[in-house]
Amino acid sequence: VQLQASGGGLVQAGGSLRLSCAVSGGIFMLGSMGWYRQAPGKQRDLVATITGGGITNYADSVLGRFTISRDNAKKTVYLQMNSLKPEDTAVYYCNAYVSGAARWGQGTLVTVSS
């Protein structure tokens with residue numbers, strides 16, 4: 001089972017990016033999915049999660065600016081990031097519960113310039 005994240009890059013403050021993470025590699029049950037981020041010198045923190053039924057949860061710092069969604073048929077989770085701020089700069093990791101086990105993607109770097 002693999003999680004492949006994409007969509008990171010360099011953007012100016014106030015701009016937008018959309019991250020994607022596709023799960024592949026076999027027949028499995030896909031549970032909750034989410035995004036976490038880790039800034040340099042800091043711990044990895046939750047950004048947003050979404051259950052299989054579409055219930056979402058967001059960190060206070062991104063509420064109203066980021067939107068998480070998923071396409072169960074494509075086994076893909078998305079993170080639409082709007083009104084980006086320099087403090088959003090981090091490596092973003094996708095996470096998914098695959099047949100009950102937590103799996104992580106490789107991370108994608110998001111850099112927001114001021």
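Below is a run of questions and answers on this structure.

Q: What kind of model is this, and how are its residues numbered?
A: The model is predicted, so to speak of local features takes a pLDDT of at least 70, side-chain atom pairs count only at pLDDT 80 or more, and totals for chains, interfaces and linings use all residues. Side-chain values use heavy atoms, with hydrogens and water left out, and residues are numbered from 1 along each chain as its sequence is written.

Q: Which cysteines does the disulfide join?
A: Count cysteine sulfur atoms within 2.5 Å of each other as a disulfide, and you get 1. Its S to S distance is 2.1 Å, and the two residues are Cys-21 and Cys-94.

Q: How many residues apart are Cys-21 and Cys-94 in the chain?
A: Strands here are DSSP runs of E with at least two residues, numbered from the N terminus. Cys-21 belongs to strand β3 (residues 17-24) and Cys-94 to strand β9 (residues 90-98), so the pair links distant parts of the chain, 73 residues apart.

Q: Are Cys-21 and Cys-94 buried or exposed?
A: The scale is relative accessible area with a 1.4 Å probe, protein chains only: under 20% is buried, over 50% is exposed, and in between is partly exposed. On that scale, both Cys-21 and Cys-94 are buried.

Q: What is the handedness of the disulfide between Cys-21 and Cys-94?
A: Look at the torsion about the S-S bond, which is about 50 degrees. That is why the disulfide of Cys-21 and Cys-94 is right-handed.

Q: How many residues of β9 are buried?
A: β9 is largely enclosed by the rest of the structure. That's because the buried count is 7 of its 9 residues.

Q: Which residue of β10 is the bridge partner of Val-98?
A: Two strands pair if DSSP finds at least two bridges between them. β9 and strand β10 (residues 101-104) run antiparallel, joined by 4 bridges. They form a hairpin with 2 residues between them, and Ser-99 in the turn has a positive phi of about 50 degrees. The bridge partner of Val-98 in β10 is Ala-101.

Q: Which residue of β9 stands opposite Tyr-36?
A: Strand β4 (residues 30-38) runs antiparallel to β9, with 7 bridges joining them. In β9, the residue opposite Tyr-36 is Tyr-93.

Q: What is the geometry of the aromatic pair formed by Tyr-36 and Trp-104?
A: Rings of Phe, Tyr and Trp (its six-membered ring) pair if their centres lie within 6.5 Å, with planes under 30 degrees apart called stacked, over 60 edge-to-face and the rest tilted. The structure holds 1 such pair. For Tyr-36 and Trp-104 the centres are 5.0 Å apart and the planes are at 65 degrees, which is edge-to-face.

Q: What is the strand order in the open sheet of 4 strands?
A: The pairing in this sheet is antiparallel, and the order is β1-β3-β8-β7. β1 (2-6) and β7 (66-71) each have a single partner strand, so one side of each is left without a neighbour in the sheet; the strands at the edges are β1 and β7.

Q: Which backbone oxygen does the side chain of Thr-76 reach?
A: Thr-76 lies in strand β8 (residues 76-81), and it counts as buried because its relative accessibility is 8%. The distance from its side chain is 2.9 Å, and the backbone oxygen is that of Lys-74.

Note on methods
Polar contact = N/O pair within 3.5 Å; in protein donor to acceptor, adjacent residues only side chain to side chain.
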